[in-house]
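Reader: I'd like to go through the charge pairs in this one. Can you walk me through them?

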Amino acid sequence: MGYAQGGGLTNELRFVREKLRMEVAEGFRHGDQKAMIAHDLRVSVRPVQR
């Protein structure tokens, strides 16, 4: 069984997740390494890879 649209997250959490995605994308645009992006955003490397 799948989740409803939005993966079961509240609007606030969806906003936070999308903001993080955009910040990761900006890091890649600047040529930053995955580990550096993860460190700057205070997350592990795994979410950056995804």
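Reader: What distance, N to O, goes with the salt bridge of R21 and E18?
Author: This is a predicted model, where local features need pLDDT of at least 70, side-chain atom pairs count only at pLDDT 80 or more, and totals for chains, interfaces and linings use all residues. Residues are numbered from 1 along each chain as its sequence is written, and side-chain values use heavy atoms, with hydrogens and water left out. A salt bridge here is a side-chain nitrogen of Lys or Arg within 4 Å of a carboxyl oxygen of Asp or Glu. The side chains of R21 and E18 meet that way, N to O, at 3.0 Å.

Reader: Which helix do R21 and E18 both lie in?
Author: Helices are DSSP runs (H or I, at least four residues), numbered from the N terminus. R21 and E18 sit 3 residues apart, about one turn, and both belong to helix 1 (residues 11-29).

Reader: Which residue forms a salt bridge with E23?
Author: Look in helix 1 again, 4 residues away from E23, about one turn of the helix. The closest N and O atoms are 3.6 Å apart, and the partner is K19.

Reader: Is R29 buried or exposed?
Author: Buried means under 20% relative accessible area, exposed over 50%, and partly exposed in between (1.4 Å probe, protein chains only). Its salt-bridge partner E26, 2.4 Å away N to O, is partly exposed at 33%. R29 has a relative accessible area of 58%, so R29 is exposed.

Reader: How many salt bridges does a search of the whole structure find?
Author: Side chains of opposite charge can pair when their charged atoms come close. Searching the whole structure for salt bridges gives 3.

Definitions and conventions: Helix = DSSP H or I, 4+ residues; strand = E, 2+ residues; numbered from the N terminus.
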